[in-house]
Amino acid sequence: MRIAVGQGHGGDVELVDANDPDATPERLHREALGAAILANPDARWVWADTADWYPALLAAGVRVERCVDLRLVGAILAPRESAAVAPAWLQAPRSAPEREHSLTLFDADSADFSTGTASSVPSPPTAVAVAAEDRRQRAIMQRSDALGLTLLAAAESTGALIAAEMHAAGMPWSASEHQRMLADVLGDRPGPGRKPTRMESLAAEIRALLGAPTLNIDSQVDLLRALRTAGIAVDSTAKWELRDHRHPAIAPLLMYKKLSRLYSANGWAWVDEWVHNGRFRPEYVVSGAATGRWATSGGGALQLPKQVRTALVADPGWSLVIADAAQLEPRMLAGLSGDRALADAARGTDLYQAFVDAGVVAKRDEAKVALLGAMYGATTGDSARLLPRLRRAYPTALGFVDVAAATGERGGLVETRLGRRSPVPSARWFDIRAAGAAVEATPDQERRARRAAADWGRFTRNFVVQGTAAEWALTWMALLRQRLELLVDPDVTAETASGPCFVGRPHLVFFLHDEVIVHTPTAQAAAVVDALRACASDAAKLLFGSFPIDVPLNIEVVRRYGELVSESDAPADDVR
């Protein structure tokens, strides 16, 4: 049963059978929606936007098992249909998500494929309008040759439920632990107009070493001028460029920049704003990036450095189950391309070491550099040097991303495993390409055209892999959410700061690309570990069928995030 939910007159709610175009809507008071959902536990609830309906239900203690988020599904389907066909209320703009540092590959072109904004926000749709749009979207999926669209739509909609639930439950967060960490790293909390003591001490040291007693270190213009005056030939103040110089001011300057980032992004003001009643409740944006990766519109949960996460502390009697998928994107490439040699290398916890053992490269670090370079289109340095070895060992996988890159260079569209399409390049991109191909093109126009083609080719090369990894992670979480439903601990009845829907119930509290954290009654922790592994395997089967893709997980059960023993491939940004 599919029940469409819409806005009635006077703030009432309308419900209607989404499968019956002639059905008459039922009207009820908004407060009665929760009772209707509880009375129909097997229904799939169809609405315009989960974020508009679900938070109030969660606050009232009502969880939704299944839904269809028409806004998210419509965004997936938009490249397959004329945008003008979708109703105005589906195209109404939402606030832009906070940008992620990890998505800089897409930053330069993100503004170019905007679909435009409406001059005014349309009225919320009625249930009849919601049902009609649901039928339109289902028809598109039935006509499509992308067999995974239905799974993607279901996973994306479940992701919207998960995002709302993670916001409602919050991450168990110790403000006192966070403040102790800040004092340890930065010094005492500064008064108005001052910097933390350690930053001020470093600033004084930097000014002395640069011979610039009045230098405003937080001004890039002033700092760049002072560096050059001191004989340090730099074009920017970026840390990767500063590290190439041996001047004694460089080390304290790099430390100052790290501390400044911590202070501004996750300092005392952040704790005051985002941590309340033992919970940090960030605002997640499902599919905030073109690939389907998530973003945040508040709280910066996807950019929390590891030293900040030490404040992540489970409630008494509860534990944190922290899991991340090992080297997810290379494994997704093996499945996408059908490269059995790469799939064989991926069987086990360390794919990069398997490259060394097979004699493809001499060192594990070389394996990582080579494979990441292949997926991101690196053309210089160690990646370019090692790439021929990788091509000989895994020609099917490398050929797959080469084709994706070539398609992008022509301005074509590529797709993820489940059928999410890449955005169309901007009109400006096509203009540059046309100018470079013209008979009268100048050498500069030809260079710009080649550069534009190469840049977009790198985007599409990575889009298929990163987007498929996002689909696996979303499917993994959707399956896990179902399994956690079966693990409610009846002996845990005490109220929790997570809210009425999470009493005695293991629940997701954090998600970052290939990492999740589950807050669970300690008695259920072992069962949660089993569920995480089973759902990872099932997600791979849903995406790749019988093709043998192994996605091993690194899992730890702790009371405090600071107790973690293992580290991921990415180095920690530790400022201690």
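Ring pairs join W173, W270, W274 and F280 into a cluster. Rings of Phe, Tyr and Trp (its six-membered ring) count as paired if their centres lie within 6.5 Å. The whole structure holds 12 aromatic pairs. One of them, between F459 and F463, is tilted, with 5.7 Å centre to centre and 45 degrees between the planes. Planes under 30 degrees apart are called stacked, those over 60 edge-to-face, and the rest tilted.

The model is predicted: local features need pLDDT of at least 70 and side-chain atom pairs pLDDT 80 or more, while totals for chains, interfaces and linings use all residues. Residues are numbered from 1 along each chain as its sequence is written, and side-chain values use heavy atoms, without hydrogens and water.

F459 and F463 are four residues apart in helix α21, so about one helical turn separates them. Helices (H or I, at least four residues) are DSSP runs, numbered from the N terminus. F459 is buried at 3% relative accessibility, and F463 is buried at 0%. Buried means under 20% relative accessible area (1.4 Å probe, protein chains only), exposed over 50%, and partly exposed in between.

R481 also lies in helix α21. This arginine is buried, at 7% relative accessibility. Beyond neighbours within four places in sequence, R481 contacts Y54, R63, V64, E65, T158, L161, I162 and E165. A contact requires heavy atoms within 4.5 Å.

The largest nonpolar core has 154 residues, and W294, F355 and W472 touch the most other members. Helix α21 (residues 443–484) gives the most to this core, with 16 residues. A nonpolar core joins buried Ala, Val, Leu, Ile, Met, Phe, Trp, Tyr and Cys residues through side-chain atoms within 4.5 Å.

Note on methods: Helix = DSSP H or I, 4+ residues; strand = E, 2+ residues; numbered from the N terminus.
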